[in-house]
Amino acid sequence: MKHLLTITTLTLLISLSACTNTTVDEYRENSTFLTLDSTERVVVLGRRHYADYETEPDFIDCIGEKLEADKEISVLPEREFVDLLYPWFEPRTAPLGLKRLAKMLNEPMIAQRFKEQSLRYMIWIDGSTETTDRDGSVSCAVGPGGGGCFGFTTWEKTGTYEAVIWDLQTLKESGRVKVEARGSSYMVAIILPIPIVAQVQDQACNGIGQQLRTFFMGTRADEAS
Amino acid sequence: MDTRHLMACSLVLVSLLVSACATRVEVDGKFPAALTHKLPLRSVVVFNEAFASHRFESQVGPEVSVSVGQVQVELFTGLADNLFQYSSTTTQMPSNPEADLILVPNVDDVQISMPNESQLKVFEVWIKYNLQVFKPTGEPIADWIMTAYGKTPTRFLKSNTQALQQASMVAMRDAGAHFITGFARVPEIQQWLRQRSTNTPQRKGSAPL
């Protein structure tokens, strides 16, 4: 009986999860390949200076993991980089453009720190995932005989992100990728609430991570051949 | 159960319920060393009692208490170590110390904004510092009003306490960034440094960014 209940619940969850949908639109502005030798590293940073949103730290970690997936690209973690360069990459002081970065790198102490870390590219990620629509309701009640929830609710999330690659050697922008991911999530409650959540942020991370990898992996493939 | 026990139990229960609604944060954390040129100055930083034990208590709405005293003592001790050639700390205004300047940080104001008040999905912390700089003789050099700001989006964190702790730490780091990048740019301090450099040979100051 217990097995039957588990199987029924699993089947219900699987069939409901099939109802979630995520759409990913990707856009890459140029098709150049970037050189990155095995001793050089990349740092991925999130934009945090806007008042109404900030790029999620876990999204930045996720992109770092995608880039490092097969150990071909070495990524310096965001937190480590920001601490090593403190206070020059705080929301108040971080360069918003290449002109400002060039000015920063004119300072030997900062340039030396970049060199010590063998940094070749800086990737800025700007964007966030927001709930854009919500519908339905779930209500719960507790009484002397027990409690439970009943209802149905759905919500839509949209994640919009843009990645800009700065070449720290030439101090020029060398790539730009945009990703928009949308997904609908549901929650069905019949005594117990069962949420079926669309992984919008994960999908956006996959999209942007794969696009960014193609900038670097093209040259690695050439080297290997 | 007699009435006395019942009353005690009720009191405990009520106080537990009340404390469950309050948000109390003892901000703590570590700050990285600042990457900056040291100014050729010896400083004494005075952490008075009000600064070292500063606690923000909300006057309206739900009870919120944020203690920033200890963490800001750690922050300013580290900042002074990083920015000045030599730095020491004390709890009372010294008279004629062997130093080039005396720095007295004060908290003028702390403001906190929670999502239930602002209708925004962020926890925000503002801190307004008044950094007083004196000559060793006690003569004032500058009164620098320095603001710091930190925010944390609600969805990143699990509780109000955690969110306020993080927003306060972001505000502290911002204060550090403002202090390091702005100290030598405060007009009165700039003028004082210029006057000093005419008397003593000039050495490289903080990064001119």
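This note goes through the predicted model of chains A and B point by point.

1. **Ground rules.** The model is predicted, so local features need pLDDT of at least 70 and side-chain atom pairs count only at pLDDT 80 or more, while totals for chains, interfaces and linings use all residues. Residues are numbered from 1 along each chain as its sequence is written, and chains are lettered from A and ligands numbered from 1 in the order in which they are written.

2. **Chain A overall.** Chain A has six helices and six strands. Helices (H or I, at least four residues) and strands (E, at least two) are DSSP runs, numbered from the N terminus. Along the sequence the pattern is α-β-β-α-β-α-α-α-β-β-β-α. Of the 225 residues in chain A, 28% are buried. Buried means that 20 or more other C-beta atoms lie within 10 Å of the residue's own; exposed means 12 or fewer, and partly exposed is in between, with C-beta atoms placed from the backbone. Take the contacts in chain A between residues at least 6 apart in sequence: 72% join residues at least 24 apart. A contact is two C-beta atoms, placed from the backbone, within 7 Å.

3. **Strand pairing in chain A.** Strands pair if DSSP finds at least two bridges between them. Strand β2(A), residues 41-46, runs parallel to β3(A), with three bridges joining them. Val43(A) faces Leu76(A) in β3(A). Between these two strands the chain passes through α2(A), and the β-α-β crossover is right-handed. Right-handed means that, with the strands pointing away from the viewer, the path from the first strand over the helix to the second runs clockwise. β2(A) also runs parallel to β4(A), residues 119-143, through six bridges. There Arg41(A) is opposite Leu119(A).

4. **Backbone points to check in chain A.** The peptide bond between Tyr86(A) and Pro87(A) is cis, with omega about 5°. Pro87(A) sits in the loop between α3 (78-84) and α4 (98-105) of chain A. Two non-glycine residues deserve a look for positive phi: Lys71(A), near 60°, and Leu171(A), about 55°. Lys71(A) is in the loop between α2 (57-68) and β3 (74-76) of chain A. Lys71(A) counts as exposed because it has 6 C-beta neighbours inside 10 Å. Leu171(A) is in the loop between β5 (146-167) and β6 (172-196) of chain A. Leu171(A) is exposed too, because 12 other C-beta atoms lie within 10 Å.

5. **The three-stranded sheet of chain B.** This open sheet has the order β1-β4-β3 and mixed pairing. The twist averages 5° from one strand to the next. Axes are lines fitted to C-alpha atoms, for helices over the stretch in contact, and angles run from 0 to 180 degrees between N-to-C directions. Helix α5(B) packs on this sheet, touching β1 and β4 of chain B, at about 40° to β1(B). β1(B) and β4(B), residues 64-67, are parallel and joined by four bridges. Val25(B) stands opposite Val66(B).

6. **The five-stranded sheet of chain B.** The order here is β5-β2-β6-β7-β8, again in an open sheet with mixed pairing. β5 (84-90) and β8 (140-153) of chain B each have a single partner strand, so one side of each lacks a neighbour in the sheet. The twist averages 25° from one strand to the next. α5(B) packs on this sheet as well, touching β6, β7 (122-134) and β8 of chain B, at about 145° to β8(B). Helix α6(B), residues 187-199, lies across β7 and β8 of chain B at about 135° to β8(B).

7. **Core.** The largest nonpolar core holds 88 residues, and Ile63(A), Ile123(A), Ile125(A) and Ile208(A) touch the most other members. Its largest share, 11 residues, comes from α5(B), residues 160-182. Such a core is a set of buried Ala, Val, Leu, Ile, Met, Phe, Trp, Tyr and Cys residues joined through C-beta atoms within 7 Å. Leaving aside residues up to four places away in sequence, Ile63(A) touches several residues, including Val44(A), Ile125(A) and Leu212(A).

8. **Interface.** Chain B puts 15 residues in contact with 16 residues of chain A. α5(B) gives the largest share of chain B's side, seven residues. That side divides into nine nonpolar, four polar and two charged residues. Here Ala, Val, Leu, Ile, Met, Phe, Trp, Tyr, Cys and Pro count as nonpolar, Asp, Glu, Lys and Arg as charged, and the others, Gly among them, as polar.
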